[in-house]
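Start with the ligand, then turn to the helices.

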Amino acid sequence: MATVLSGLQPTGPVTLGNYLGALRHWVDEQDQDQAYFLVVDLHALTVAFEPGRLRALVTESALCMMAAGLDPERCTLFLQSDVAEHTELAWLLECTASFGELSRMTQFKDKSAGQEFVSAGLFTYPVLMAADILLYDVDQVPVGEDQRQHVELTRNLAVRFNSRYGDVLTVPEATVPKVAARVKDLQEPTRKMSASAASMAGTILLLDPPEVIERKVKRAVTDTGTEVRFDPQAKPGVSNLLTILAAATGTEPEAVAKDYSRYGDLKKATAEALIAVLEPIQARYRELAADPAATDAILAKGADKARSVASVTLARARDAVGLLPRH
Ligand code: AQP
């Protein structure tokens, strides 16, 4: 039995990529010894945002996590900004991280490219993510492929901190799914499906109604030729649809490919499978959203539990680096 933790950024509506690459695995992991899942709201401040929209997205993210199957009786569900220890440990870790290693983070390079304003927070956010993880003595971090590099940084920081100051932090590892670790945009199938894409035409949202899902899948970019084959290099569009269909039906993309000989049939089956997976989640979302006080109570309880664990790790880390006990 392990301790697991993972987080969801409220930078935009929850996507099918978030669900297939991460959320559905969190649901399977929640019966581990300890399981922590958080809405990483502070991370959402690193890129342009609008306060009113952020407020709505934080709530939507927490509701989506529960609607997808996270049960607050079985795991600790909380908001990052409710637990001040995250930003404090992040500072100790920022002083452990080097400018050079943060400059090598590919997500920073992608998100900062061509931007007029790049916040210092965008540069240091992987360190805050490391603090999110290291506060809870986590063994496993279930994430999509795009977050693997940040978990690797977390490991490096933990090892460096321990070698400088003593055995304080648990070194975690990333667990990345075999299928759908990087769901691609339906319009640009060489790019990751993302909540902050300029257009949502290629992004399926967890809360998209059935007719929207059908339309987006129908208009998905396919490749030249007519053969249905799993070949991400030569056929990125078709391979993405096969990945999505396989993940939604619990099989492998190569196996699914054998059942289809025409793009149109593959698209129809993919849309149907997604609607079947997402409709019950959407119904549960509507039920949960009808009782905001219940969500507040769940998040308050989760924050209390998280704080009780995080404060112990932080005290250990403060002491190890030579800070005095709090007066
Ligand atoms: N397209 C994806 N395929 C598979 N997994 C994905 N994840 C995200 N997109 C895909 C995984 O979902 C978890 C939560 O992601 P996040 O909230 O940390 O944000 P992100 O990784 O930066 O994803 P987004 O949706 O693209 O957000 P923006 O646009 O703000 O950057 C993570 O485990 C992630 O791997």
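A polar side-chain atom of Asn 18 sits 3.2 Å from an oxygen atom of the ligand. The protein buries 97% of the 640 Å² that the ligand exposes when taken alone. The model is predicted, so read each distance as a computed value.

Val 183 places a backbone N or O atom 2.8 Å from a ligand nitrogen atom. Gly 17 also uses a backbone N or O atom, at 3.2 Å from a nitrogen atom of the ligand.

## The shell around the ligand

How many residues surround the ligand? The count is 23. The closest are Gln 9, Thr 11, Asp 146, Ser 194 and Ser 196. By type, the shell holds eleven polar residues, eight nonpolar ones and four charged ones.

Which element gives the largest share of this shell? Helix 1 does, with four residues.

## Helix 2 and helix 11

Now the helix packing. Helix 2 spans residues 51-67, and helix 11 spans residues 263-289. The two pack at an angle of about 125°, and their axes are 8 Å apart. That angle makes helix 2 oblique to helix 11. Their crossing is right-handed.

## Helix 6 and helix 7

The second pair is helix 6, residues 120-134, and helix 7, residues 148-165. Their axes lie 9 Å apart, and the packing angle is about 70°. Angles of 65 to 115 degrees count as roughly perpendicular. Helix 6 and helix 7 are therefore roughly perpendicular to each other.

What is the hand of the crossing where helix 6 passes helix 7? The crossing is right-handed.

Conventions. Residues numbered from 1 in each chain as written. Predicted model: local features only at pLDDT ≥ 70, side-chain atom pairs only at ≥ 80, totals over all residues. Heavy atoms only, no water. Near = heavy atom within 4 Å. Polar contact = N/O pair within 3.5 Å; in protein donor to acceptor, adjacent residues only side chain to side chain. Areas by Shrake-Rupley, 256 points an atom, 1.4 Å probe, with all protein chains shown as cover. Nonpolar A, V, L, I, M, F, W, Y, C, P; charged D, E, K, R; others polar. Axes fitted to C-alpha atoms, helices over the stretch in contact; angles between N-to-C directions. Parallel < 35°, antiparallel > 145°, perpendicular 65-115°, else oblique. Left-handed = near helix turned anticlockwise from the far one by under 90°.
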